[in-house]
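Have the structure open as you read.

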Amino acid sequence: MKNNFVELPISTRDGKFIAHYSEKGLAELNFPANGSRACKSADSAQIPAKIRRWHRATESALKNILAGKKSKLPPLDWTGKTDFQKSVWRQMLKISTGKTKSYGEIASAIGNPKAVRAVGGACGANPVPVLVPCHRVLAANKKLGGFSGGLDWKRKLLTTEGIII
């Protein structure tokens, strides 16, 4: 437990992700680290039932998305994040599997068409990558742009969804 978060690992064929849960939902998802940092095993009896349920939902969603499939998400906890960031992340959740949008399209969709760079910043600050699909947001002219998990992960996720850049 860190900062009142329960940390639980999710093993996938692509490595071990670490999910962080608050009392309100999934607050953060970390990509596998090189050498996969250890996550202290929590005694499952000490983990609240709702967090165990959310973890099962997170694990299922993550594995489905890594396989290029749609998935239902667990509750997300964006406490402490700005209204702007939340508006960008809500728009990203509307991007269908296998589709992309540009930073400019997201900026326009939230009613702030000049905020292209700020949209990029919000994408980079996304605490739940993969599930909140910032990998589906591209720079102008279908260029990759950035990605918190690194461009190799972005390419891999897009390719899995049938998007070739």
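Glu28 is found in strand S3; strands here are DSSP runs (E, at least two residues) and helices are runs of H or I with at least four residues, both numbered from the N terminus. This is a predicted model, in which local features need pLDDT of at least 70 and side-chain atom pairs count only at pLDDT 80 or more, while totals for chains, interfaces and linings use all residues. Residues are numbered from 1 along each chain as its sequence is written, and side-chain values use heavy atoms, with hydrogens and water left out.

Not counting residues up to four places away in sequence, Glu28 touches Ile18, Ala19, His20, Pro127 and Val128, where contact means heavy atoms within 4.5 Å. The side chain of Glu28 also makes a polar contact with that of Asn30, at 2.9 Å. Such a contact is a pair of N or O atoms within 3.5 Å; within protein, one must be able to donate a hydrogen and the other to accept it, and residues adjacent in sequence count only if both atoms are side-chain atoms. Glu28 and Asn126 are 98 residues apart in sequence, yet 8.5 Å apart in space, C-alpha to C-alpha.

Now for the strands around this residue. Two strands pair if DSSP finds at least two bridges between them.

| Strand pair | Bridges | Direction | Facing residues |
|---|---|---|---|
| S1 (residues 6-12) and S2 | seven bridges | antiparallel | Ile10 and Phe17 |

A hairpin with two residues in its link joins S1 to S2. S2 and S3 form a hairpin too, with four residues between them, and Gly25 in that turn has a positive phi of about 150°. Strand S2 (residues 15-21) is mostly covered, as five of its seven residues are buried. In a regular strand, side chains alternate between the two faces of the sheet.

Let's turn to a helix. Gln85 is found in helix H2 (residues 83-93). Gln85 counts as buried because its relative accessibility is 17%. Leaving aside neighbours within four places in sequence, Gln85 is in contact with Ala122 and Ala125.

How values were computed. Buried means under 20% relative accessible area, exposed over 50%, partly exposed in between (1.4 Å probe, protein chains only).
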